Amino acid sequence: MRGDTKATSAGDAPATGPRALTRPPRLKQGDRVGIVAPSGPVPPERLAAGLDVLREWGLEPVVGRHVLNPHPGLRHLASVDEHRVSDFQAAWCDPSLAAVVAARGGYGSQRVLDLLDWELLRGAAPKVFVGYSDLTVLHEALAQQLGLATLHGPMTATASFLEDVATREHLRQTLFTPEKVREIGLGTAARTLVPGRAHGITLGGNLSLLAAERGTRHARPSAAGGILLLEDIDQPPYSLDRLLTQLLRSGWLEGVAGIALGSWTDCGDHEEVSDVLRERLAPLGVPVVEELGFGHGSSTPTVPLGVPAVLDADARTLTYDEPGLL
């Protein structure tokens, strides 16, 4: 492939590749938003601080019934699977809620996917979904099952949301005035790994979760035609190599239009990580940009998934054709 590759348009995209998805409405003052915990346990004091921020924005947060009821035996889960499913479905199907926001990541979303009633969820009106990390599997499932664009962004009880002003402000603008934040990369330490320019539909998120989903029921069949976003945490270079190799060997990356790389927090020496990313991804022959900042870093932008965008590796930017929300 050439470095100036361009994905097909949404109308003639490959059947197995990403397509432009339905964008939910933006938020407005007074909107009610559901707070759920499909993954790990939520520290009550951090949740309370995050809810205060949402109230300062003029939103009314509604916390799921089981968000603060930890699993009786498995301390890595926010609650039992059925309770996490119940909270998510109740929030998604509540017509008075304009958004569903994850409280935190961790682990557990994979356990709820096959328990969700997707027919029930399809009957609800489109709404905003915000999360990242472990929530990658829910982003993928909402895209595949509901055809819905979502927001890969900071969660209510996470450090970046609570401690970094730029992170909070970028999410706030994405939710309320999304036309103001259509370009990612300017003013960052972004670097070109493979030059060129590509157009496609954004998808992706956490590398570990995308690799773990290969072969499962709700997995996206292919990243062909898409602008793939990747980030991770606590994965040493050899592990990143293994995860990328899994995506390559499975054929999932065949036909991808471009790759945007975010943060690699606690993944080891930066140059060694960069070498692994270049060695594994450059042979695809598509534009690749690293250090666009989204993910587990201390400061992170919100990036829409399921929306057409241009990845300009020479300018080191990801620019959306349209706002992430209507």
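Is Asp81 buried or exposed? Asp81 is buried, because its relative accessible area is 13%, under the 20% cut-off. The close-up views below are taken from a predicted model.

**View 1. Salt bridge between Arg111 and Asp81.** The closest N and O atoms of Arg111 and Asp81 are 3.0 Å apart. Arg111 belongs to helix 3 (residues 109-113) and Asp81 to helix 2 (residues 81-93), so the pair links distant parts of the chain, 30 residues apart. Arg111 has a relative accessible area of 31% and is partly exposed, whereas Asp81 is buried.

**View 2. Salt bridge between Glu60 and Arg32.** In this pair the closest N and O atoms are 3.5 Å apart. Glu60 is in strand 2 (residues 60-63) and Arg32 in strand 1 (residues 32-36), so the contact ties together parts that are 28 residues apart in sequence. Glu60 is partly exposed, at 40% relative accessibility. Arg32 is also partly exposed, at 25%.

View 3. An α-helix has 3.6 residues a turn, so residues three or four places apart point the same way. Glu119 is exposed, with a relative accessible area of 57%, and Arg122 is partly exposed, with 36%.

**View 4. Helix 9 and its packing partners.** Helix 9 (residues 237-249) has 13 residues and reaches 18 Å from its first C-alpha to its last, close to the expected 18 Å. Its buried residues include Leu240, Leu243, Leu244 and Leu247, along with Pro237, Ser239 and Thr245. The buried residues of helix 9 pack against helix 8 (207-212), strand 9 (226-233), strand 10 (258-265) and helix 10 (270-281). Just after the helix, Gly251 takes a positive phi of about 85°.

**View 5. The largest nonpolar core.** This core has 27 residues, and those with the most contacts inside it are Leu228, Leu230, Ile259, Leu261 and Trp264. Strand 7 (191-194), helix 8, strand 9, helix 9, strand 10 and helix 10 each supply at least two of its residues. Apart from it lies another core, of 25 residues, among them Val33, Leu47, Trp57 and Val101.

**View 6. Surroundings of Leu261.** Residues touched by Leu261 include Leu193, Leu230, Leu277, Leu281, Val288 and Phe294.

Methods:
Residues are numbered from 1 along each chain as its sequence is written. This is a predicted model: local features need pLDDT of at least 70, side-chain atom pairs count only at pLDDT 80 or more; totals for chains, interfaces and linings use all residues. Side-chain values use heavy atoms; hydrogens and water are left out. Helices (H or I, at least four residues) and strands (E, at least two) are DSSP runs, numbered from the N terminus. The expected span of a helix is 1.5 Å times one less than its number of residues. Buried means under 20% relative accessible area, exposed over 50%, partly exposed in between (1.4 Å probe, protein chains only). Contact means heavy atoms within 4.5 Å. A nonpolar core is a set of buried Ala, Val, Leu, Ile, Met, Phe, Trp, Tyr and Cys residues joined through side-chain atoms within 4.5 Å. A salt bridge is a side-chain nitrogen of Lys or Arg within 4 Å of a carboxyl oxygen of Asp or Glu.
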